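Please open the model in your viewer and keep the sequence panel beside it. The stops below are meant to be selected one after another.

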Amino acid sequence: MTANAQTPAALPASTGRTALVIHGGAGFVPKESLSAADEKEYRATLRLALDAGNAVLQRGGPAIDAVEASIRVLEESPRFNAGKGAVFNAKGGHELDAAIMEGHTLRAGAVAGVTTVRSPIKLARAVMEHSPHVMLAGPGAEAFADTQKDIERVPNSWFDTPMRRRQLEEAQRKEAEQKAAVIEGDDGNVRRYLGTVGAVALDKAGHIAAGTSTGGMTNKRWGRVGDSPIIGAGTWADDRCGVSGTGWGEYYIRTNAARDICARVEYRGDSLQAAADEVINRIIPAMGGDGGAIALDRDGNIAMPFNSGSMFRAWIRPDGSSGVAIHED
């Protein structure tokens, strides 16, 4: 061994315990704006997604399977800004993004701007496993989907929901009234990124995986791509830590937010909570952004910081305790 060669630090042996944390997006959702029925449905869907991923972990499945299972449940729900509930762009269509990453191998796959793929997270995983690339975008991603017989295609209108149509109309009305820039300026509290979904899992082998899926920002233009499919910005996993972000993506990209959280754990020895709080609740707001993130480390510690008023989230810890929350409850 040469003088400057270094041996990787030994990781602790797996404890055989599992953990899972998921999110359905951060944003400003006042408690009074949710009816009892709406809140009940949001919570039930989050629990269903948590149970789907946890079932994989409990039977000894890999973390990446659990991440995909949880996210696919959320993609099928019209309540969240991913898959079926994806927001409208400025032209009245849908452009979807997703990424998935396996921590112990650093394998990753991502897609951006897809318009006819029912499950973007499934396509992202196919990119990781069946292509030589990490990210495919737009028509290229759709062409790759054509080579994968298990990737379901749907017309773009399949993603339409009345709620998202109303949000587009409201965003465009406010934009016209305020003559605001598309990205910059006050959006009148219309949180155009609300509802992005994600999951981070720890399996019995001690491996971590993370994934994120989104429809992006309501009323987005020019093929805008946010942080969700960008490895290191909105999605990251390594052998110590995994993160899925949700918020104003331009700021998560500029700060490399997901990777920064895990780098603080790896290089500085910060606790997961301290690292996540520093990035999400200090660095990003100081630049003018907001949002939240879910994070999980190899010991099963979970962090769920957010500064946007609410974040739809659910978790199950190594001791089996679990919860679902929307606000600061």
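Predicted model: local features only at pLDDT ≥ 70, side-chain atom pairs only at ≥ 80, totals over all residues.

Leucine 57 counts as buried because its relative accessibility is 0%, where the cut-off for buried is under 20%.

Next, display what surrounds this side chain. Neighbours within four places in sequence aside, leucine 57 is in contact with Thr18, Ala19, Leu20, Ala63, Ala66, Ala201, Leu202, Asp203 and Lys204. Of these, pick out threonine 18, which is 39 residues away along the chain, although its C-alpha atom is separated from that of leucine 57 by 6.5 Å.

Now select helix α1 (residues 36-58) together with helix α2 (residues 63-75), whose axes come within 8 Å and cross at roughly 160 degrees. That angle makes α1 roughly antiparallel to α2, and the crossing is right-handed.

To see the contact itself, show Thr45, Leu46, Leu48, Ala49, Leu50, Ala52, Gly53, Val56 and Leu57 in α1, which meet Ala63, Asp65, Ala66, Ala69, Ser70, Val73 and Leu74 in α2. The residues of this contact divide into 12 nonpolar, 3 polar and 1 charged.

How many of the 13 residues of α2 are buried? The helix is mostly covered, with 10 of them buried, including Ile64, Val67, Glu68, Ile71 and Glu75. If you then select β1 (19-27), α1, β2 (96-102), α3 (120-130), β5 (197-202) and β6 (208-214), you will have the elements against which the buried residues of α2 pack.

Terms used. Residues numbered from 1 in each chain as written. Heavy atoms only, no water. Axes fitted to C-alpha atoms, helices over the stretch in contact; angles between N-to-C directions. Helix = DSSP H or I, 4+ residues; strand = E, 2+ residues; numbered from the N terminus. Parallel < 35°, antiparallel > 145°, perpendicular 65-115°, else oblique. Left-handed = near helix turned anticlockwise from the far one by under 90°. Contact = heavy atoms within 4.5 Å. Nonpolar A, V, L, I, M, F, W, Y, C, P; charged D, E, K, R; others polar. Buried < 20%, exposed > 50% of the residue type's maximum accessible area, 1.4 Å probe, protein only.
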